[in-house]
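Hi,

Here is the structure I promised to pass on.

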Amino acid sequence: MKALIKPNGSDGVEDREIIQLYFARNERAIEETSKKYRHYCTRIAHNILSNAEDSEECVNDAFLGAWEAIPPKSPDKLSSFLGRITRNIALNRFDYYTARKRSKEFEMILDELNDCLSSTDNVESKYEEEQMAGAISKFLESMKEDHRNIFLRRYWYSDSMADIASRFSISESKTKSVLFRTRKKLHNYLKKEGYVL
């Protein structure tokens, strides 16, 4: 099975060294971050926005966000830290552009989750709520690793069905089936826990 996270430049500067550069306020931190994580962050942003220029701007904003956050923060896993910043910036931009410019793939992903959560709130706000996120994390920890990774590739990284199928060497129909069953289990779990109706 392929790794869940595969940033570029794994042979380059170690994450702890990059974080030390941030703490030293050395601008080389952003240069090294870009070398190692630009492709990774761009893919996250592009999966949400489906626009190269907007994705590039999101990544640049994410690197600036990392510069402003480190210090005082000292992330345990730089790739996850940068991915979260990039994703949040891309989601904010998606919300801003929704009326004019839509990513059909990302909207389909949100619709899938909306059907699963069946909440009176919209998916974007409900999914980000701290308690709901904690419950989803607990649910994911209980899943088989391959199913958890497939779910995360779809709903965190916003990968297409074809990309997920290729990554895990399974058919697209199997991918859809795993996601359907996982959403159904998640819905039942959240209903039992009182998070959805």
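Let me start with glutamate 57, which counts as partly exposed at 33% relative accessibility (buried means under 20% relative accessible area, exposed over 50%, partly exposed in between, with a 1.4 Å probe and protein chains only). Its side chain meets that of arginine 93 in a salt bridge, 2.7 Å from N to O; the term stands for a side-chain nitrogen of Lys or Arg within 4 Å of a carboxyl oxygen of Asp or Glu. Glutamate 57 is in helix H3 and arginine 93 in helix H4, so the pair ties together parts 36 residues apart in sequence. Arginine 93 itself is buried, with a relative accessible area of 15%. Helices here are DSSP runs (H or I, at least four residues), numbered from the N terminus.

A word on what you are looking at. This is a predicted model, in which local features need pLDDT of at least 70 and side-chain atom pairs count only at pLDDT 80 or more, while totals for chains, interfaces and linings use all residues. Residues are numbered from 1 along each chain as its sequence is written, and side-chain values use heavy atoms, with hydrogens and water left out.

Back to the charged pairs. How many salt bridges does a search of the whole structure find? The search turns up eleven. Arginine 43 takes part in a salt bridge with aspartate 159, at 3.6 Å from N to O. That pair links distant parts of the chain, 116 residues apart: aspartate 159 sits in the loop between helix H8 (145–155) and helix H9 (161–168), and arginine 43 in helix H2. Aspartate 159 is buried, at a relative accessible area of 0%, whereas arginine 43 is partly exposed at 30%.

Arginine 43 also meets the side chain of aspartate 163 in a salt bridge, at 3.1 Å from N to O. Aspartate 163 is partly exposed, at 34% relative accessibility. Elsewhere, Arg28, Glu31, Glu32 and Lys35 are linked in a salt-bridge network.

Now for the nonpolar side. A nonpolar core, as I use the term, is a set of buried Ala, Val, Leu, Ile, Met, Phe, Trp, Tyr and Cys residues joined through side-chain atoms within 4.5 Å. The largest one has 22 residues, and those with the most contacts inside it are Tyr22, Cys41, Leu78, Phe81 and Leu82. H1, H2, helix H3 (52–69) and helix H4 (78–97) are the elements that give it two or more residues, and H3 gives the most, with six. Apart from this core lies another, of 20 residues, among them Leu113, Ile150, Phe151 and Met161.

Not counting residues up to four places away in sequence, leucine 78 touches Asp15, Ile18, Ile19, Tyr37 and Ile70 (contact means heavy atoms within 4.5 Å).

Some of those names come up again in helix H1 (residues 15–23), where Asp15, Ile18, Ile19, Leu21 and Tyr22 are buried. Seen down the axis of H1, the buried residues fall within an arc of 155°, so they line one face of the helix; the arc is that of the directions from the helix axis to the C-beta atoms. Arg16 and Gln20 are exposed on the other side of H1. After H1 comes arginine 25, with a positive phi near 60°.

Helix H2 (residues 28–49) has a kink of about 65°, centred on tyrosine 37; the bend at a residue is the angle between axes fitted to the seven residues ending there and the seven starting there. Just after H2, serine 50 has a positive phi of about 55°.

One more residue to look at is leucine 179, in helix H10 (residues 172–192). Leucine 179 is buried, at 0% relative accessible area. Leaving aside neighbours within four places in sequence, leucine 179 is in contact with Ile150, Phe151, Arg154, Tyr155 and Met161.

Last, the cysteines: cysteine 41 is buried at 0% relative accessibility, and cysteine 58 is buried at 0% too. The whole-structure search finds zero disulfides, meaning pairs of cysteine sulfur atoms within 2.5 Å.

Cheers
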